[in-house]
Amino acid sequence: MATPNNQSEILDDVMTALGVDDVEHLPMIELYIKLACKSVALYTGEDYNKLPDTLSGIVTEMALAKFAKRGNEGKTQADEEGLTDQWSEDDLAPYLSQLNAYRDNKANSGRKGWVMSLD
């Protein structure tokens, strides 16, 4: 997963956002964070155990989304008392612009300062 410091920060952020301070939900939240880390690592090509800090916000948001969707896995929407929740089939879809920007920056990071001439 993310480095130990990142993991702890992500867990704290998710629990704060959810307003949860008990250990009852802890295993489920840790699972959602782990699943989000694995998805982000696979997409970005980063090492699952060493995800950069810059990806922690996406992991946090994905874990929160997974928590909100719990009990409705495999569905694209759920109705309850006149309220409809809708989700993408692909958990990464809402974050693709950020993930693609990260991949583009990573791919171009070695090219900064280079000049090419075709004379």
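Biologist: Which residues of α3 are buried?

Modeller: Quick caveat before that: this is a predicted model, where local features need pLDDT of at least 70, side-chain atom pairs count only at pLDDT 80 or more, and totals for chains, interfaces and linings use all residues. Numbering runs from 1 along each chain as its sequence is written, and side-chain values use heavy atoms, with hydrogens and water left out. The buried ones in α3 are S56, I58, V59, T60, M62, A63, K66, F67 and K69. Buried means under 20% relative accessible area, exposed over 50%, and partly exposed in between (1.4 Å probe, protein chains only). Helices are DSSP runs of H or I, at least four residues, and strands are runs of E, at least two, numbered from the N terminus.

Biologist: How many salt bridges are there in the whole structure?

Modeller: The search turns up 2, counting a side-chain nitrogen of Lys or Arg within 4 Å of a carboxyl oxygen of Asp or Glu.

Biologist: Which residue does K66 pair with?

Modeller: D91, at 2.6 Å from N to O. K66 sits in helix α3 and D91 in the loop between β2 (83-86) and α4, so the bridge links parts 25 residues apart in sequence.

Biologist: Is D91 buried or partly exposed?

Modeller: D91 is partly exposed at 32% relative accessible area, while K66 is buried at 13%.

Biologist: And what does E46 bridge to?

Modeller: K106, with the closest N and O atoms 3.2 Å apart. E46 is in the loop between α2 (26-44) and α3, and K106 is in helix α4 (residues 96-108), so that pair ties together parts 60 residues apart in sequence.
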